[in-house]
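My notes follow in the order in which I looked things up.

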Amino acid sequence: MNGPITVRVFAIVGNGFCVASDDGQKVHDQIAIALRDGKKVNLSFLNVESLTSAFLNAAIGQLYGEFSEEQIKAGLSVKDMSNDDLALLKRVVETAKQYFKDPKRFKKAREEVLEDGDDNQNS
Amino acid sequence: MDMVNANWLDANMCAAFGAILYKVERKTNTVNLVNLQKGVETILSKNGFLSHYGREKKLDTYGTTIEYKMFKRQEDQSFASYVEKNLVGKGIPKMSQGLRKKFFESMFEIFSNAASHSRTKMGIFSCGQFFPRMNHLDFSVTDLGVGIQQNVNEYTRQVLTAEQAINWAMEGNNTTKVGQIPGGLGLKILREFIIMNQGKIQIVSDKGYWELSDGKVYMKAFSEPFPGTTVNIEINTADTNSYCLSSEIRSEDVF
């Protein structure tokens with residue numbers, strides 16, 4: 001396996017306001033592609049000024065609907081985050097783990113991921 | 001609309017007022033506000049509200065207003081710029097760096113919540129006002145969407161009253177979200193912040209009224225429904241809490 005790739009949140013969002021769920025989705029998509037390819041991801045929050053749970057839920061929380069905790073732990077790392085932002089991310093991760101413990105939600109999330117995959121293949 | 005009896009209007013409430021008037025206008029009506037008392041007219045001219053009703057905007061000399069503005073659901077980034085523009089460098093210098101960051105993030109959480117849950121097609125309205133003598137900063141976000149009661153009752157399959165439904169949404173990690181993206185944290189973070197700040201949250205949705213102040217929750221039912229949801233937060237700007245965590249979190253422990 002090659003070394004980790006760096007995904008820069010600032011570059012994807014275009015500025016330091018990481019508040020929108022849609023922007024979080026773009027970050028998520030980059031991470032998910034890399035993890036599916038078996039690559040390790042180093043996610044940089046350099047120059048990020050504001051973070052919301054909505055952004056982090058979309059960017060990272062939803063990964064727990066597709067990947068196991070072990071896969072995420074082994075494949076994803078974060079850097080350039082303040083202690084407060086790390087605390088927020090930790091809460092988002094804990095909430096996501098809890099959220100996907102509900103089998104109905106997990107099943108629905110998996111189905112949506114598979115449907116998205118089909119759409120991508122058909123497009 | 002005859003405003004002759006309105007001798008005071010909390011400027012942040014322009015969010016709710018403007019939303020209602022917008023809904024009226026969408027039914028092919030023209031709205032005019034007449035007989036405005038001088039004080040009310042001045043503040044509503046300064047925050048840009050009356051610009052929507054054929055008046056000129058007045059200069060906000062003391063920098064205490066947060067402009068009245070309408071956003072589409074997808075305009076999170078515009079909302080972020082609006083917050084930045086309206087809070088930075090204005091007459092709100094007392095807030096510590098940590099408090100300001102928390103306040104920004106609270107406003108974003110409220111906006112995100114309205115954008116993701118309301119299903120509104122008529123936009124999201126916001127407005128704020130700084131009350132320097134009272135050390136309060138009030139900020140309101142209103143949507144004309146389905147309301148909290150409908151969302152919660154559809155999800156929980158219960159028949160909760162509007163105020164019970166708001167209370168459900170504000171408790172624990174409760175969320176009506178289903179699907180790929182988890183939720184249920186934004187309002188919890190907001191609630192924790194407001195308690196620590198000794199501020200206030202007021203929510204009106206349908207016939208329900210819910211308030212958190214002095215760490216306690218108050219609820220009541222109105223006789224008539226509000227056509228959507230409005231959230232008002234009141235921040236204590238004299239708060240000296242640092243909002244910095246005392247314990248260090250290691251990035252490798254996050255996942």
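This is a predicted model: local features need pLDDT of at least 70, side-chain atom pairs count only at pLDDT 80 or more; totals for chains, interfaces and linings use all residues.

**Contact between the chains.** Residues are numbered from 1 along each chain as its sequence is written, while chains are lettered from A and ligands numbered from 1 in the order in which they are written.

I found that the contact takes 39 residues from chain A and 28 residues from chain B. For element names I used DSSP runs, numbered from the N terminus: helices are H or I with at least four residues, strands are E with at least two. On the side of chain A that touches chain B, the elements giving two or more residues are α2 (21–36), α3 (53–59), α4 (69–75), β5 (76–79), α5 (83–99) and α6 (103–122) of chain A. Which of them gives the most? I noted α5(A), with 13 residues.

I then sorted that side of chain A into 18 nonpolar, twelve polar and nine charged residues. My classes put Ala, Val, Leu, Ile, Met, Phe, Trp, Tyr, Cys and Pro as nonpolar, Asp, Glu, Lys and Arg as charged, and the others, Gly among them, as polar.

**Confidence.** I read an ipTM of 0.79 and a pTM of 0.86 for the complex, both from the predictor. pLDDT is the predictor's confidence in each residue, from 0 to 100. For chain B its mean is 86, and 96% of the residues reach 70 or more.

**Chain A.** I listed six helices and five strands, in the sequence pattern β-α-β-α-β-β-α-α-β-α-α. Among its contacts between residues at least 6 apart in sequence, 84% join residues at least 24 apart. I called a residue buried if 20 or more other C-beta atoms, placed from the backbone, lie within 10 Å of its own. Of the 123 residues of chain A, 38% count as buried.

**The sheet of chain B.** I counted two strands as paired if DSSP finds at least two bridges between them. The five strands form an open sheet in the order β1-β2-β3-β5-β4 (chain B), with antiparallel pairing. β1 (65–71) and β4 of chain B stand at the edges with a single partner strand each, so one side of each has no neighbour in the sheet. From one strand to the next the twist averages 15 degrees.

I looked at β2(B) next and found seven of its eight residues buried. Five bridges pair β2(B) with β1(B), and K69(B) has S126(B) as its bridge partner in β2(B). Eight bridges join β2(B) (residues 124–131) to β3(B) (residues 136–143). There I saw G128(B) opposite F139(B) and I124(B) opposite D143(B). Four residues lie between the strands of this hairpin, in which N135(B) takes a positive phi near 55 degrees.

**A helix pair in chain B.** I checked α4(B) (residues 97–117) against α7(B) (residues 186–197): they pack at an angle of about 145 degrees, with axes 9 Å apart. Axes here are lines fitted to C-alpha atoms, for helices over the stretch in contact, and angles run from 0 to 180 degrees between N-to-C directions. I noted that the residues of this contact divide into five nonpolar, four polar and two charged, including I110(B) of α4(B) and F193(B) of α7(B).

Terms used. Two residues are in contact if their C-beta atoms, placed from the backbone, lie within 7 Å. A residue is buried if 20 or more other C-beta atoms lie within 10 Å of its own, exposed if 12 or fewer, and partly exposed in between; C-beta atoms are placed from the backbone.
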